[in-house]
Amino acid sequence: MKKFCSVVLAAALVMGCMPFTTFAADISVTAKGATVEFTDAKPYINSDSRTLVPLRAIAEALDLYVTWDNGTKSATFADKEGRKKIIFVIGENKYTVVDGDISKEVEMDTAAVITDDRTYAPARYLAEAFGYNVSWDGINSVVSITESNLENESKMYDERKDISSFIPEGWEISKAYGDELAIAEGDLNNDGIIDKAFVIEEKDVSESAAQRNLIIVFGNTDNSYSMAITAKNAILRANEGGTFGDPFESIDIDRGSVLLNFMGGSIRWHRCFRFRYQDNDWYLIGFTEKSYELIGDSMECLQEDYNLITGYYIGDILEYGKIKTVQKNIGKKQLVNLNDFVANEYNIQP
């Protein structure tokens, strides 16, 4: 069954700092494996397409101390020793990191704001400043904060190193949402060996958004990799997300399939394409789409899910102002080959 989500409109200007076009969403956050409880303030996605969270709740989950300076409209977060501090000033697109005697300013892609008397900013700026990893699951709307260590950093370097021969000169590995490298790994051809799927893009493209390619490589028994496929039209470019900016969310491998996740639009949409290696080639086998409709004073999330192998469809429709879930078989269709797939042109009707 599909997951139902609802989003409540938030249309208040707060202290002249917060963008007007924003809505709250069913967003959850986990920190060090535990769900963060938001009792009186909830995360939401702002008009810059950034997930903002009440920072005090995140800080408490990470065992940080919090102080508020009403004169400077700033919130300070510190570790238990008080050596490292992170300072957010309301309305500014930057924060200050104080580590002992060293202080530096770091730019953000959106401003810290006050909503419901709580300081909001993207979780990753606070968490990463204290050495944590932050990832975003757009399909399930989950922000995950996990502990980082030298082993993880070394693993990331090794990931880039062992696939570097497949990256052409003048190209680089793309960043997914949350600045994570767009690399996924798992067994894709059922041989018990780890394979990799990753996204690369052209460097230093100034006049237009960079071309992005999907590359999938098969692992070999000697720990090397062999090229499986390069798909040149499977990844949306940074300028194809509409109002919400860069639409590329993530690449994942799940149950032997490659998942490509995107979001964008003037009214937010999410799309997930699922590809599988079968019959010695790559095919689109599943498609999930979320869109939003204004019902009364709230935005409701409608989701449609297509199993392109069986023809099974389950989707939400509006009927007399209420959401109704429909299940039916739309018939089997010829599967689209990954080489022929164009992400910004794909469409299917139930």
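F273 is buried, at a relative accessible area of 2%; buried means under 20% relative accessible area, exposed over 50% and partly exposed in between, with a 1.4 Å probe and protein chains only. This residue belongs to strand 23, which covers residues 269-278. Helices (H or I, at least four residues) and strands (E, at least two) are DSSP runs numbered from the N terminus. The model is predicted: local features need pLDDT of at least 70, side-chain atom pairs count only at pLDDT 80 or more, and totals for chains, interfaces and linings use all residues. Residues are numbered from 1 along each chain as its sequence is written, and side-chain values use heavy atoms, with hydrogens and water left out.

Beyond its neighbours within four places in sequence, F273 is in contact (heavy atoms within 4.5 Å) with V258, L259, L260, F262, L284, G286, F287, F341, A343 and Y346. A234 lies 39 residues from F273 along the chain, and the two C-alpha atoms are 9.3 Å apart.

The protein as a whole has three helices and 27 strands. Of its 350 residues, 46% are buried. Among contacts with a separation of 6 or more, 44% join residues 24 or more positions apart.

The contact with the side chain of E201 spans 3.0 Å. The one with the side chain of D246 spans 2.7 Å. With neighbours within four places in sequence set aside, the residues in contact with R212 include S174, V199, K232, L236 and F248, as well as E201 and D246.

T76 sits in strand 8, residues 74-78. T76 has 17% relative accessibility and therefore counts as buried. Not counting residues up to four places away in sequence, T76 touches Y65, V66, T67, K85, I86 and I87.

Two loop residues have a positive phi without being glycine. For N190, phi is about 60°. N190 lies in the loop between strand 17 (183-186) and strand 18 (195-202), and is exposed at 73% relative accessible area. For R255, phi is about 50°. R255 falls in the loop between strand 21 (248-254) and strand 22 (257-264). At 69% relative accessibility, R255 is exposed.

The second largest pocket holds about 380 Å³ of space. Its lining comprises 23 residues, of which R50, D109, R124, Y177 and G178 are the closest to the pocket centre. On a 1 Å grid over the protein atoms alone, a pocket is an open set of points where a 1.4 Å probe fits, with protein on both sides within 12 Å along at least five of seven lines; lining residues have an atom within 4 Å of a point. Grid points are joined across faces, edges and corners, and a volume is the space filled by probe spheres set on the points.

At least two lining residues come from each of strand 6 (51-54), helix 2 (123-129) and strand 14 (132-137). Domain 1 (28-147) and domain 2 (163-337) each supply at least three residues of this lining; the bounds come from an automatic or database domain assignment. By class, the lining has twelve nonpolar, five polar and six charged residues. Ala, Val, Leu, Ile, Met, Phe, Trp, Tyr, Cys and Pro count as nonpolar, Asp, Glu, Lys and Arg as charged, and the others, Gly among them, as polar.

Key: Polar contact = N/O pair within 3.5 Å; in protein donor to acceptor, adjacent residues only side chain to side chain.
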